[in-house]
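Trainee: I'd like a close look at one part of this model, the charged pairs and the strands around them. Could you walk me through it?

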Amino acid sequence: MSSWIRACSLDDIEQEGARRFDHCGRTYAVFRSPDDEVFCTDGLCTHEAVHLAEGLVMDYEVECPKHAGAFDYRTGAAMRLPPCVNLRTYPAKVEAGSVLVAISQ
């Protein structure tokens with residue numbers, strides 16, 4: 001069963017930026033698109049467990065800060081090697097200025 005968890009305030013994420021969110025021993029990354037939509041993925045690169053929220057975010061992609069692999073944060077798709085495994089994505093929305101993420105418990 002999924003429940004909506006508050007990840008952060010929308011103002012905590014720059015436009016075309018990311019924020020790390022930890023919950024129940026797992027790390028997630030929350031992204032704010034150029035259109036002010038929010039998205040959530042697993043927070044660690046699937047190639048080597050590096051925090052994606054520390055990477056460059058641009059044009060709906062996040063670049064891993066270690067080896068420059070890239071993912072489409074809307075779908076989780078690995079876009080540029082070395083990662084070849086997609087990220088898991090989670091529903092995200094904004095309510096009353098807070099970013100909420102649906103995470104299975």
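Trainee: How many salt bridges does the structure hold?

Mentor: Keep in mind that this is a predicted model. The structure holds seven salt bridges; let's go through some of them. In general, side chains of opposite charge can pair when their charged atoms come close.

Start with Arg 20 and Asp 22, whose side chains meet in a salt bridge at 3.1 Å, N to O. Arg 20 has a relative accessible area of 40%, so it is partly exposed, and Asp 22 is partly exposed too, at 44%. For the setting, look at strand β2, residues 17-23, which runs antiparallel to strand β3, residues 26-32, with seven bridges joining them. One of the pairings sets Ala 18 against Phe 31 in β3. Two residues sit between β2 and β3 in this hairpin, and Cys 24 in the turn has a positive phi of about 50 degrees.

Next, Lys 93 and Glu 95: their closest N and O atoms are 3.0 Å apart in a salt bridge. Glu 95 is partly exposed at 41% relative accessibility, and Lys 93 is partly exposed at 27%. Now find β10 (92-95), which is an edge strand, as is β1 (2-9). The open sheet runs β1-β11-β10 with antiparallel pairing, and its twist averages 35 degrees from one strand to the next. Seven bridges link β1 with β11, residues 98-104, and Ser 3 stands opposite Ile 103 in β11.

Finally, Asp 72 and Arg 74 form a salt bridge at 3.0 Å, N to O. Asp 72 has a relative accessible area of 9%, so it counts as buried, whereas Arg 74 is partly exposed at 39%.

Terms used. Residues numbered from 1 in each chain as written. Predicted model: local features only at pLDDT ≥ 70, side-chain atom pairs only at ≥ 80, totals over all residues. Heavy atoms only, no water. Pairing = 2+ DSSP bridges. Helix = DSSP H or I, 4+ residues; strand = E, 2+ residues; numbered from the N terminus. Axes fitted to C-alpha atoms, helices over the stretch in contact; angles between N-to-C directions. Salt bridge = Lys/Arg side-chain N within 4 Å of Asp/Glu carboxyl O. Buried < 20%, exposed > 50% of the residue type's maximum accessible area, 1.4 Å probe, protein only.
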